[in-house]
Amino acid sequence: MISTERSQSQSPRSPTAAGAPFLTISVTDPVKMGTGVQSYISYRVITKTNLPEFEGQEKIVIRRYSDFEWLHDRLAEKYKGIFIPPLPEKNAVEKFRFSKEFIEMRCQALDLFVNRIASHPELKQTEDFRIFLQADEEKMDRARSYETGIFKKPSDFLQMFKDVQSKVSDVVLGKEKPVEESTPEYEKLKNYIFELENHLAEAQKQAFRLVKRHRELGQSLADFGKAIKLLGACEGDSLEKVFSEVGSKSEMLSVKLQREADNLLFHFEEPLKDYVRSVQSIKATMVDRANAFRQHFDLDQERKYKELNLEKLKFMNPEKFSETEVEFRELKADSEEATKRFEHIVAVMEEELARFQEQKTADIGLAFHEFAKGQAKLAKDIADAWRSVLPKLEACSTS
Amino acid sequence: MISTERSQSQSPRSSMAAGAPFLTISVTDPVKMGTGVQAYISYRVITKTNLPEFEGQEKIVIRRYSDFEWLHDRLAEKYKGIFIPPLPEKNAVEKFRFSKEFIELRRQALDLFVNRIASHPELKQSEDFRIFLQADEEKMDRARSYETGIFKKPADFLQMFKDVQSKVSDVILGKEKPVEESTPEYEKLQNYIFELENHLAEAQKQAFRLVKRHKELGQSLADFGKAIKLLGACEGDSLEKVFSEVGSKSEMLSVKLQREADNLLFHFEEPLKDYVRAVQSIKATMVDRANAFRQHFDLDQERKYKELNLYVSHFAFTHFWLCAKDFQLTRKFEANVFTFQDIPNNSCGLRSL
C-alpha cells in the first residue's frame, strides 16, 4: 500500500491506517549520546493517536536501538507465524557507525519498523508495543534489561531442552535426520524464499556498487573540470573561454552525479536491503514453523505408540492401566495443543504471505520507478550540458 | 589543418599535401613477430607518390618501432630548431604491451608521425626520410644498427667532450652556472611551454581516469542488469517482465558506456597525450637552442679574450723586435765608435780619410 499522506519524517514506504481511528508514529532527531565506546544514538519517538488503548493524544519518548530490538524480540516470541517487520542491522563497521548517512538510514529503517507494526492488524494491539511507545525511560530500561540481558528467558531454556530431546529421540528411534514438513506447496514456497534471498542480496550488492561508481565518476569529473580550467587559463585568448566553460560544466555535472549517488543509496539500495531483511524475517518464521511441526509430529508419534501400549496394558495389567491412562490423557492434550499451534502458524503464514506479496510488489515497484527516474534525469542533464558547449567548440576547431 | 580527404587508415589529424604532387603514407597492419622477450610488432608502411625523388609510384616496406626511432633521431640531429614530430612512448608495462588497444594507439601515433614529416616543407626532403620509406629491410637494419646501437655516433662523443670542456671553462672562468639566454620574449615563451606541459599532462591524466570510470560504471551496470534479470525470473508474474526489461536496459547501457570509454580513449585522451609529446619535442628544441646559445656565447667570450691577448702579444712582439733591432744597432754603433777610436793608432787609415 503506497501511502498518499506522509508525515515529513516518515519514510515513503510506511503504510498508514486508513479511516477515522489513527495511529501515527515517527522516529526522528537522532542524537549522539555519551562518549567513546559507550556512546550510542538516541531517537525521538512521537506517537499521535486517538485510539482509546493509548494514554493521550500525543506522546514523545526517547528510545535507543536496543529498545527497538527488545520490541522485535518480544513480538517474535509471542506471534509465531507472523512475519515480524525487520530491524536494520545491529552492528556496523566502527568508523561508519556515526556517519551522517548511516545514522539517517538507520533512523528511516526504524521509522519503517514501528509503522509496519502499527499497521499490522494483530501486532499493533500488543501490550509490548504500547509499552514501547509510551513507557518512561526508567520503565523501558527495566523491561529491556530483564528480557534481553545475559539472563535468558525461561522459555529459551525450555526450547533448548526440547531441541536436545528431539534430537536424542531421533537417534534412539533410528532417525538421523529430523522430520520435515514436505507438502509440494510448502516445498515450492521454501525454494522460492531461498532463491529470492540469494537474488535479492545480489541485486542489493550490485545496487550498492552502482552508488559507488556514480560517486567515483562524479569525483573524476570534478578533477577533470579543474584541470581543464587551468589549461584554459594557461592558453589564454578564445581557447580560455571555451575551456573554462567545459571545465565548469564538468564541475556542475560532478555535483549532479554525487546527488544521484545519494538518491540511489536512499531510494533504491536501501529499499532493496530492507527487502532482504524482510525475507530473512520470513525465514525466521519458517524456522518456527519447522520447530512447531516437529513438536507436533513427535508428540503425535508418541501418542500413537502409547495408545497402542495402553490397549495391551488394559488386558494384561489392569492396575497399571489406570495410572498409565492418566499419563496418556496428559500426553494427548499436549499433542493436540502442539498440533493446534502448528496449524495456527500455517494458517497465519498463509495470510502473511498474501500481505507480503502485495506490499512487496508496491515497494519494489516504487524503488525501481525511483531508480529509472533518477537515471533518466541524470542522463538528460549530462546530455544537455555537453550539447550546450558544442557550438562554441565547433567554432574553435574550424577557425 | 584538418584534412577533408582521408585514407581509411590515416588518423584524422594527419595533414596531406594539397595540389597535383602528392605523397601519401599509411602505417597499417600491426603484426606480432617472434616470441617471448624477443617479440615485437612490425608495421606495414605504404608510400604512394608521384614525386620524382622517390623510386616509383607505390612502395611497401616493413618497419618496426626502432626504425621510426632511428628516423626521429636522425632528423632531430640534423634539423636543429625544427620541432620534430613526436613518437609514441617507447616502453610500456609488459602485460599491456600487446593489448589490442595499445597496438592500435601506437599504430595511429606512428601514422601521424610519418605524415607530419611528409607535410613539413623541410623535413620531407631529407634523405633519411626517403631511406625510411623505401629501403629494403637489410639496408634499413644496417642503417639502424649503425646509428642507434651501443656504438655511439662520433658526433655524440664530440658533444660530450664539448660539454665537459664548457663546464671546465665555466669553473675556471669562475662561473658555476651556465649562462642562459634571457630576453623578455624568450623568457615568456619558456614559461608558457613549461606551464603548458604541466597543465596538459594533468588534463591528460584526468582524461584517462574518466576513461577508467566509464569502463567501471559500464561493468557495474552489466552485473546489475544480470542480477535484476535473475531476480525477475525468480519472482515470476508481472514483476518478471518489468525486471527483465530493466535488466536488459542496464545491459544495453553497459555496452554503450564501454563504447564511449573506447571513444574517449582514442579520440580524446590520445590527442591530449599526443599534444603532450609535441610540447616535449618543443622542449627538446629549446635544449638545442640553449646549447647552441652557450656555445655561441662561450666561443664569443673566448674570441674576445684571445683577441685581447693577441693584441697584447703582438705589441710585445713588436716591442721585442724593436728592442732587438735597437740592440743590434746599438752594437753596431758601439762597434763603430770603437773602430773610430782606433784610428790614431792606425795613421794610414786616417790619412786615407
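This is a predicted model: local features need pLDDT of at least 70, side-chain atom pairs count only at pLDDT 80 or more; totals for chains, interfaces and linings use all residues.
**Entry 1**

I then checked their accessibility. Asp384(A) is partly exposed at 34% relative accessibility, whereas Lys380(A) is exposed at 52%.

**Entry 2: a bridge between helix H4 and strand E3**

I turned to Glu137(A), which forms a salt bridge with Arg63(A); the closest N and O atoms are 3.9 Å apart. Glu137(A) lies in helix H4 (residues 137-148) and Arg63(A) in strand E3 (residues 58-64), so the pair ties together parts of chain A that are 74 residues apart in sequence. For Glu137(A) I noted a relative accessible area of 40%, which makes the residue partly exposed. Arg63(A), by contrast, is buried at 1%.

**Entry 3: Gln134(A)**

I asked which residues Gln134(A) touches beyond its neighbours within four places in sequence. The contacts are Phe54(A), Glu55(A), Lys59(A), Val61(A) and Arg63(A). Gln134(A) itself is placed in helix H3 of chain A. I recorded a relative accessibility of 7% for Gln134(A), which counts as buried because the limit is under 20%.

**Entry 4: further salt bridges**

I listed Glu270(A) and Arg277(A) as another salt bridge, with 3.4 Å between the closest N and O atoms. Both Glu270(A) and Arg277(A) are buried. Across the two chains, I found Arg213(A), Glu216(A), Arg213(B) and Glu216(B) linked in a network of salt bridges. Over all chains, the structure holds 54 salt bridges.

**Entry 5: a negative patch**

I next examined surface charge. Glu122(A), Glu185(A), Glu350(A) and Glu351(A) gather there in a patch of negative charge. Of these residues, I followed up Glu122(A), which is found in the loop between helix H2 (100-118) and helix H3 (127-134) of chain A. Glu122(A) has a relative accessible area of 36% and is therefore partly exposed.

**Entry 6: chain A as a whole**

Chain A has 8 helices and 3 strands, and in sequence order the pattern is β-β-β-α-α-α-α-α-α-α-α. Of its 399 residues, 44% are buried. Among contacts in chain A with a separation of 6 or more, 73% involve residues 24 or more positions apart.

Notes:
Residues are numbered from 1 along each chain as its sequence is written. Chains are lettered from A and ligands numbered from 1 in the order in which they are written. Side-chain values use heavy atoms; hydrogens and water are left out. Patches are made of residues with over 30% relative accessible area and no salt bridge: like charges are joined within 9 Å, nonpolar side chains (Val, Leu, Ile, Met, Phe, Trp, Tyr) within 5 Å. Accessible areas come from the Shrake-Rupley method with a 1.4 Å probe; for residues, only the protein chains shown count as cover. A salt bridge is a side-chain nitrogen of Lys or Arg within 4 Å of a carboxyl oxygen of Asp or Glu. Lys and Arg count as positive and Asp and Glu as negative; His and the chain ends are not counted. The place of a charge is taken as NZ of Lys, CZ of Arg, CG of Asp or CD of Glu. Helices (H or I, at least four residues) and strands (E, at least two) are DSSP runs, numbered from the N terminus. Buried means under 20% relative accessible area, exposed over 50%, partly exposed in between (1.4 Å probe, protein chains only). Contact means heavy atoms within 4.5 Å.
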